[in-house]
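This report examines a protein model from its overall plan down to single residues. The sequence and structure are shown first.

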Amino acid sequence: PEGVTLSSWDFKREETDEGARITVRMKGEAESSKAVREFKNELDALEVESLDGSDEMSDDAESSAFDEDPRRFKTVKMGAINASKDGSQRFDFDCRSEGPKEEGD
């Protein structure tokens with residue numbers, strides 16, 4: 001979003017008995033702490049979209065995990081917001097989601 005710059009991100013996928021656990025860690029800088037909070041709110045509201053770009057999800061196994069809760073990330077945890085010497089605000093987020101169990105597991 002405007003006023004927010006990501007400096008790094010890390011993607012991790014783990015298989016559990018319940019399915020896939022996906023973690024995305026993001027670090028960056030923003031013009032203000034308000035911009036950081038607005039970015040977090042956008043991540044909280046981000047929904048899974050179908051692969052063909054339509055608003056409708058298909059009935060396959062990949063989409064069924066999101067039927068009850070279409071949010072892309074089930075949790076978005078914000079770390080501390082710290083002011084840097086240049087006046088920008090440094091931040092980090094830990095975003096997590098749960099996916100379906102892989103076929104054949």
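## Terms and overall plan

A residue is called buried when its relative accessible area is under 20%, and exposed when that area is over 50%; values in between are described as partly exposed. The structure discussed here is a predicted model.

The secondary structure of the protein consists of 2 helices and 5 strands. Read from the N terminus, these elements follow the order β-β-α-α-β-β-β. The protein has 105 residues, of which 30% count as buried. Its accessible surface amounts to about 7400 Å², and carbon and sulfur atoms account for 45% of that area. Among contacts between residues at least 6 apart in sequence, 60% link residues at least 24 apart.

Helix H1 covers residues 33-45, a total of 13 residues. From its first C-alpha to its last, H1 reaches 19 Å, which is close to the 18 Å expected at 1.5 Å a residue.

Which residues of H1 are buried? They are Ala-35, Val-36, Phe-39, Lys-40 and Leu-43. Seen down the helix axis, the buried residues of H1 fall within an arc of 140°, so they line one face of the helix. These buried residues pack against four strands: E1 (4-15), E2 (20-30), E3 (75-78) and E5 (89-99). The face of H1 turned away from the buried side carries the exposed residues Lys-34 and Ala-45.

## The nonpolar core

In soluble globular proteins, nonpolar side chains tend to be buried together. The largest nonpolar core of this protein contains 14 residues. Those that touch the most other members are Phe-39, Leu-43, Phe-91, Phe-93 and Cys-95. The elements E2, H1 and E5 each supply at least two residues of this core.

Leu-43 belongs both to the buried residues of H1 and to this core. Beyond its neighbours within four places in sequence, Leu-43 is in contact with Met-26, Phe-73, Val-76, Phe-93 and Cys-95.

## Asp-44

Asp-44 is also found in helix H1. Is Asp-44 buried, partly exposed or exposed? Its relative accessibility is 26%, and Asp-44 therefore counts as partly exposed.

When neighbours within four places in sequence are left aside, Asp-44 is in contact with Arg-71 and Val-76. Val-76 is likewise a contact of Leu-43. Asp-44 and Lys-74 are 30 residues apart along the chain, while their C-alpha atoms are separated by 7.8 Å.

Definitions and conventions. Residues are numbered from 1 along each chain as its sequence is written. This is a predicted model: local features need pLDDT of at least 70, side-chain atom pairs count only at pLDDT 80 or more; totals for chains, interfaces and linings use all residues. Side-chain values use heavy atoms; hydrogens and water are left out. The expected span of a helix is 1.5 Å times one less than its number of residues. Buried means under 20% relative accessible area, exposed over 50%, partly exposed in between (1.4 Å probe, protein chains only). The arc is that of the directions from the helix axis to the C-beta atoms. Contact means heavy atoms within 4.5 Å. Accessible areas come from the Shrake-Rupley method with a 1.4 Å probe; for residues, only the protein chains shown count as cover. A nonpolar core is a set of buried Ala, Val, Leu, Ile, Met, Phe, Trp, Tyr and Cys residues joined through side-chain atoms within 4.5 Å.
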